[in-house]
Amino acid sequence: MDLIKRNDYVQWLNSYRDKQVIKVVTGLRRVGKSKIFELYIDELKKNGVSGEQIILINFEEMENAQLREKTALYQYIISKAQPDKMLYVFLDEIQVVHEFEEVVDSLFVKPNIDVYITGSNAKFLSSEIATVLTGRYVEINVLPLSLKEYSEHYKFTGKDRRALFMDYITYGAMPGMTMFDLGSSEQREYIESVYKTILEKNVLKRNSNASRQLVEHILSFLVYNIGCLTTVKRITDYINTNTAKVSYNTVESYFDTLQDCYFIYKADRYDVVGKEYLKLINKYYVTDFGFKYYILNNKTIEIPQILENLVFLELKRRRYKVATGKVDDKEVDFIVKDTNDRIKYIQVAVTVMEEEKLQQELRPFAEIQDNYPKYIITLDDYFVRDHDGVITINAIDFLSGEEI
């Protein structure tokens, strides 16, 4: 199977090539981190880097078991270094190596070694490790295929963009699912196996007394309440009311684990008027909708929830810092900051064709006393582009790459 071109990630890696900084690639298991390394290695070779200058080690492969010990790993890499050439070192799922940060930190100081690492758990960049590597690494979080990447891959089907969009939200966008026919039993079985593997290896294994049923109840609540303000207490109360009794601390532990393995993402809540982040109550979004069948047992999710989730993920792909907004008693779906701390406000709506719905989306903007850009993202094909400075954008255009 041909590798799906994931140019944004490859370009990001290339922008830090030969810079004395550790390149860290994070993301959910099976989201395509290893394939991005392969794509980037191909790019290096096209630009004159020889195979002898490249080391790629996946620590989850049995043939690399002996390199999971930090001293053996370090000595192996150093033995491949050449004094007059750059050595490109790719360490995939590095969290398997105990005290890996010592190896990475030692390689960092070598002028002719360029280091790239991946991990499927946020804890592998915990505060202790981050302290060792402070100022020495840059991180990019990998997400499932964007609509742009997905549509490019499936353009051979001849489907129009709306049909591709519906496939995208129906079957999900984990890269491995593209090996199979859309909607086939093989594809469903693959996605189910990925879902079960993540639960087993990244959630249940990290909580020795974990209950699969309880974890799935938490996931079901989160997915069914996408776009709603949520707290651990609300989840605990829901489970205690509808299933078995469970403690707040237990739910909190599983909840944190689901975030640590990138199964779900949190959007902090920001008070626009008070200019401060609010604690405890936030919104949460799922990494891929292909899992929804197994999380919800085929119960449906409303299109407004799906669209809001997709816009959140696309904003993260573009490396915005994303929060949800509070304006007095009103809500702004997203407040984003770019790398230069420039702010944008975004509302997401399936349609604003009816005047009442349009005014509902515009109302919070009217109370924001600044001149930062404001947008409405909608699935409507026909709309007024500019409402007194608030710009309307088609959602499929935005998800396919249109800038804001």
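Author: Helices here are DSSP runs of H or I with at least four residues, strands are runs of E with at least two, and both are numbered from the N terminus. The model is predicted, so local features need pLDDT of at least 70 and side-chain atom pairs pLDDT 80 or more, while totals for chains, interfaces and linings use all residues. Residues are numbered from 1 along each chain as its sequence is written, and side-chain values use heavy atoms, without hydrogens and water.

Searching the whole structure gives 3 cavities of 30 Å³ or more. A cavity is a set of points, on a 1 Å grid over the protein atoms alone, where a 1.4 Å probe fits but cannot get out. Volume is the space filled by probe spheres set on points joined across faces, edges and corners.

Start with the largest cavity, at about 70 Å³. Its lining (residues with an atom within 4 Å of a point) consists of Pro-144, Leu-145, Tyr-168, Ile-169, Gly-172, Ala-173, Thr-287, Asp-288, Phe-289, Leu-310, Leu-313 and Arg-317. Two elements, α7 (161-171) and α13 (303-317), each give two or more residues to that lining. The top contributor is α13, with 3 residues. By class, the lining holds 8 nonpolar, 2 polar and 2 charged residues. Nonpolar means Ala, Val, Leu, Ile, Met, Phe, Trp, Tyr, Cys or Pro; charged means Asp, Glu, Lys or Arg; the others, Gly among them, are polar.

Now the second largest cavity, at about 50 Å³. Around it sit Tyr-270, Tyr-277, Lys-321, Ala-323, Ile-335, Val-336 and Lys-337. Here strands β8 (321-327) and β9 (330-337) are the elements giving two or more lining residues. The largest share, 3 residues, belongs to β9. This lining has 5 nonpolar and 2 charged residues, and no polar ones.

How values were computed: On a 1 Å grid over the protein atoms alone, a cavity is a set of points where a 1.4 Å probe fits but cannot get out, and a pocket is an open set with protein on both sides within 12 Å along at least five of seven lines; lining residues have an atom within 4 Å of a point.
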